[in-house]
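Dear colleague,

I am passing on the structure we spoke about, together with some notes on its charged side chains. Please look through it first and then read on.

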Amino acid sequence: MSSETDNFDDDSETRLPQDPRDDVVQEVLKTGTDLRQYSRQIEKELKEVENKSIQDYIKESENIASLHNQIAACDNILEKMESMLMSFQQDLGSISSEILYLQRKSVAMSQQLSNRQIIRGPLSQFIEDMTVSEALIVGIMDCPVTEKEFLTQLQTLNHKINFVKEQSFKEAKSCLDVKDILEKLKVKALAKIRTYLLEQIYKFRKPMTNYQVPQNNMLKYKFFFEFILANERNVAEEICGEYISTMSKIYYSYFKSYSSRLMKLQFEEGATKDDLMGFEDTAGRSIFHKTTLKHRGTVFSIGSRGDVLTSQLETPIIVPHTASKTRYHYEALFRSEQYALVDNACREYLFLTEFFKVRGAQAMDIFNQVMKKTLNLMVKNLQSFVEDCYDTIALFLCLHLVMRYRLTCHKRAVPALDKYWDNMTSVIWPRFDYVFQLNIQSIKQCDPLKLTQETGPHYITRRYAEFSAAMVSIVEGFPCEGATQLLAELREAVQCFLLRMAATFSSRIQQLVFLINNYDLVLGVLMERTRDNSKEAESFRDQLNARSSEYVEEILSPHFGGMIQFVKESEVMIEKGQTEDSKRQEGKALALVQSFTNNWKQALEEINQEVLKSFPSLVLGTALVQRAMTQLVQYYHRFHKILPPNARTQLTNFHHIMVEMKKYKATY
């Protein structure tokens, strides 16, 4: 039994090693309890438990029945809820379809609204542009053209006419409804505007009229002509033609009268062919003669005449009746005349471009039609003056006035007078060149032997100095290559004349005095009235320095010639190394020292008197004296260096010489 039990235990352990619920069975097997008995016991206990459970169920039967009823009621409720939810689900499906439908419908309505808004603006504008309002009809038919309402309605009418033309090309049938009334309004507006503009143009023809006033009135209503030009070209051409014809006559009449009255203010006597630089200066024909200055202008000096190019360039024009007792040079009258032309022509050109809406070649064409007769008159007036003019300065000033007024026109953005300025230049320049050449030839042909021999400044030199200073001062402000070349030729001719004139003097000192006096005169005038770096001043400065150096040598020679010659010869010997030869001249050196000691003070006084007597200009004379003293001091130093020691002790003390020379220094 035990072996079986053991085998059973082994098998049990082998088969159920992992089940924890076999603990009770394991315990039974270990204690050796009978399993059948144990089974019956277990069944008994289970039976008791079952009976107890039945008793418990019996006790709770009412509660269980109530729970069953509750569960059944819940099932009914849940079933109803399920049916409700199913119905709600079906309703949600239909709502989703409706929402999708409404969404699509909303997009379509939005697109329709957008399309209507897009078309609303152009359609409203189209209707507005196409409609002819009562205000438009009343404004065109009843309002005077000078009222603002008429101008406003005219602009509206112009817009509607252009709009209807544009739509008619697109075959818009609505154009037929308004075309006739717009045409009638256009005809009425054209008639009123034409009458008004012609009235304004006719106002120019009244005597003593300030034509700027009606011009300004026309500019206020410049749209009138623009409207006519766009709608009735024939009427526009008529108005333009009337304006051109009227203004052409007005300008011609004004400038013809003004020029004739202006020329009466010119000097009674002008320069003639006898007033050339090289012609002999006589009392009766002198340009500087006091009795003639009242009736004629100077020919070679500029004075204040150059102000026409500077301070007077844009001053108010000369009024003939207020200046009837005043006399002017031609260039002053020419300036006034040309400035009046510039002022009027520039204003006229700007008016034409603004009112008649023209540009470029078309503007030039209309301007030329208006101003042609006047411009031709001005050119003829200039030609009549130039033909007999021998006043070179007047011609040159007029030439520069033309240059400056050309720039003035360009600054005002008016190119219309360029051809006119070219014509004026072509009239002035040939005559200027011709008269200038006559002056040059008069100097070249001048015979020095027939002229008075005086060492002072010559009248031809004085003329040249004044004239060249005038020309150079003008050229400095506005370079002119042609004038510069002519001035160079004149300068060369004058310098050659001075050399020829100097050759008529017998002594070299007189020749030098004459040249220095004349060079100094020219240089003084040029330095006073022009820049220092002009070619004329530079040329005469070089000539003056060269002749002054030579003159100093000449005036020192009679008094100190022996010493000067000794210095030069000795320096040459020393330079060549001939020291023995220089030593042999010790006796000569001692004699020169003695002569210098005895005579140097008197020599200085004689030199001073001779120089001051030879030169009218005290400044020039004093400068030459100082130059001679300086040159003498230099020779004295060189003489001192080459003297033998025994001769040096006999020389006059240098300090005494310098003290004596200080007496001749200028005190001003």
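In this model, which is a predicted one, the side chains of R529 and E466 form a salt bridge, with N and O 2.2 Å apart. R529 belongs to helix α18 (residues 508–529) and E466 to helix α16 (residues 459–477), so this pair ties together parts of the chain that lie 63 residues apart in sequence.

A second salt bridge joins E238 and R194, with an N to O distance of 2.6 Å. Here E238 sits in helix α10 (residues 233–263) and R194 in helix α7 (residues 175–203), so the contact connects parts that are 44 residues apart in sequence. E238 is partly exposed at 30% relative accessible area, and R194 is likewise partly exposed at 31%.

E571 and R638 also form a salt bridge, their closest N and O atoms being 2.8 Å apart. This pair links distant parts of the chain, with E571 in helix α19 (residues 535–576) and R638 in helix α22 (residues 618–642), 67 residues apart. Relative accessibility is 27% for E571, which is partly exposed, and 29% for R638, which is partly exposed as well.

Finally, R305, E331 and D391 are linked in a network of salt bridges, and the count of salt bridges in the model comes to 15.

Technical notes:
Residues are numbered from 1 along each chain as its sequence is written. This is a predicted model: local features need pLDDT of at least 70, side-chain atom pairs count only at pLDDT 80 or more; totals for chains, interfaces and linings use all residues. Side-chain values use heavy atoms; hydrogens and water are left out. A salt bridge is a side-chain nitrogen of Lys or Arg within 4 Å of a carboxyl oxygen of Asp or Glu. Helices (H or I, at least four residues) and strands (E, at least two) are DSSP runs, numbered from the N terminus. Buried means under 20% relative accessible area, exposed over 50%, partly exposed in between (1.4 Å probe, protein chains only).
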